[in-house]
Amino acid sequence: MKPYLAFTLLSATLILNSSANEKWTSLFNGESLDGWIQRGGKAKYSVEDGCIVGRTVPKTPNSFLCTEKQYGDFILEYEFKVDPRLNSGVQIRSQTKESGRVFGYQVEIDPDTKRNRMWTGGIYDEARRGWLNDLSKNEKARKAFKPNDWNKIKVHAHGDSIRTWINGVPAADLVDSMTQSGFIGLQVHGIGNKSDGPYEVRWRNIRIQDMGSHKWSSIFDGKSLQGWKALPGGTWNVDEGRIIGKSPKEEKRHGILLTERTFENFTVRAQFKVNSGDSGFYFRCEPVPGGVSVHGFQVEVDYSQETGGLYETGGRGWVKKPTKEEIPKKKYNPGEWTSLNLSAHNGRIVVHINGQKTAELINDKGRKSGHIGLQLHGGDTMDVEFKDIEVLEAEAK
């Protein structure tokens with residue numbers, strides 16, 4: 001089955017199952033802006049003809065009309081009509097900095113027909129990382145946008161998965177676990193010194209199914225190795241909330257610290273620091289006899305720019321080896337604390353290092369379950385630290 005078709009069928013199943021169990025709630029009563037608060041710039045928001053209307057104001061930054069309530073997992077639907085001269089969007093799971101600047105995921109409204117871009121429905125990370133999932137390779141979604149007319153967007157956010165549809169056509173398909181909850185916000189993009197406006201964007205029929213949220217749960221208590229098992233090779237100790245792994249160059253075996261628990265579909269995050277040597281973050285792995293100790297997937301963690309790649313011990317070897325362009329030096333500096341986020345759900349595997357995607361597999365036919373493990377590579381002087389190891393789990397509603 002083609003990846004695109006598999007995504008479509010899976011997404012449709014999730015939406016139907018969710019819709020059957022949840023109730024729609026309107027976020028806009030059609031008469032007032034009750035339940036909303038403006039943040040950022042000074043664009044004008046009003047209610048006209050059952051719509052929320054946002055109008056530009058020169059010399060003011062991006063403006064956002066935001067829900068007072070925060071949302072985590074949800075299905076969101078809305079319709080919009082935008083001036084072709086105006087860029088806009090809808091924030092989801094968003095927050096504000098101390099300065100008041102809104103940041104977070106944005107479902108783009110992009111009517112740029114002059115450059116034939118039209119990435120409406122793509123996902124942009126406002127005031128943080130920029131484009132995460134544009135529509136440059138999704139022509140069907142780009143063509144689904146209707147300039148100077150009403151368009152309908154559906155957003156499905158569940159755990160680290162965010163999917164969008166424009167006028168019923170699948171658009172973005174993002175796996176990213178940086179933010180799990182926040183407000184929804186209607187953006188009027190700043191227009192600088194332009195004075196030929198105002199340009200306007202309208203929204204109507206804004207409704208949501210609130211499906212609760214996910215939260216991070218520790219699998220390392222910061223005090224002991226309870227819940228973990230060390231295999232022969234190297235030493236593992238806990239000090240000040242860190243798991244510290246060491247082994248001398250003379251040790252030929254790979255030292256492995258394994259979770260007692262096995263995981264199938266999951267999202268995990270951790271902080272690591274490589275002081276010396278070649279390490280790895282194993283998942284979907286199993287113990288085996290011999291010096292390598294385990295067979296399974298490994299996120300590369302070492303003193304090079306290969307960090308963040310995917311390797312399969314006892315299998316295919318390198319599955320995805322990142323290039324220097326995919327993980328610039330400014331994103332990873334050996335000897336410093338570095339964030340690792342790993343999503344493994346069925347055949348979809350995605351790795352982020354310091355918030356930047358370094359590897360992705362879609363519809364992979366390989367291993368589907370196993371332990372999580374930390375590695376000390378044999379034949380190398382090893383000194384590596386891990387902390388804040390957590391898995392993302394759904395909260396009971």
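Here are some notes on the predicted model above, point by point.

1. Ground rules. This is a predicted model, in which local features need pLDDT of at least 70 and side-chain atom pairs count only at pLDDT 80 or more, while totals for chains, interfaces and linings use all residues. Residues are numbered from 1 along each chain as its sequence is written, and side-chain values use heavy atoms, with hydrogens and water left out.

2. Confidence. The average pLDDT (the predictor's confidence in each residue, from 0 to 100) is 92, and 92% of the residues score at least 70. Residues 1–16 are below 50, although that stretch has 24 contacts (heavy atoms within 4.5 Å) beyond near neighbours in sequence. Where pLDDT is low, the predicted coordinates should not be read in detail.

3. Cores. A nonpolar core here is a set of buried Ala, Val, Leu, Ile, Met, Phe, Trp, Tyr and Cys residues joined through side-chain atoms within 4.5 Å; buried means under 20% relative accessible area, exposed over 50%, and partly exposed in between (1.4 Å probe, protein chains only). The largest core has 43 residues, and Ile52, Leu76, Tyr78, Val155, Trp203 and Ile206 touch the most other members. Its largest share, five residues, comes from strand β6 (residues 74–82); strands are DSSP E runs of at least two residues, numbered from the N terminus. Setting aside neighbours within four places in sequence, Tyr78 has contacts including Val90, Val107, Trp203 and Ile206. A separate core of 35 residues includes Ile219, Ile243, Val351 and Ala359.

4. Salt bridges. Counting a side-chain nitrogen of Lys or Arg within 4 Å of a carboxyl oxygen of Asp or Glu, the total is 32. Arg85 and Asp196 pair at 3.8 Å, N to O. Arg85 sits in the loop between β6 and β7 (88–96) and Asp196 in the loop between β14 (183–188) and β15 (200–210), so the pair ties together parts 111 residues apart in sequence. Arg85 is partly exposed at 44%, as is Asp196 at 47%.

5. Arg316 and Glu312 form a salt bridge with their closest N and O atoms 2.6 Å apart. Arg316 is partly exposed at 44% relative accessibility, whereas Glu312 is buried at 6%.

6. Arg163. Arg163 lies in strand β12 (residues 161–166) and is buried, with a relative accessible area of 11%. The side chain of Arg163 also makes a 3.2 Å polar contact with that of Ser161.

How values were computed:
Helix = DSSP H or I, 4+ residues; strand = E, 2+ residues; numbered from the N terminus. Polar contact = N/O pair within 3.5 Å; in protein donor to acceptor, adjacent residues only side chain to side chain.
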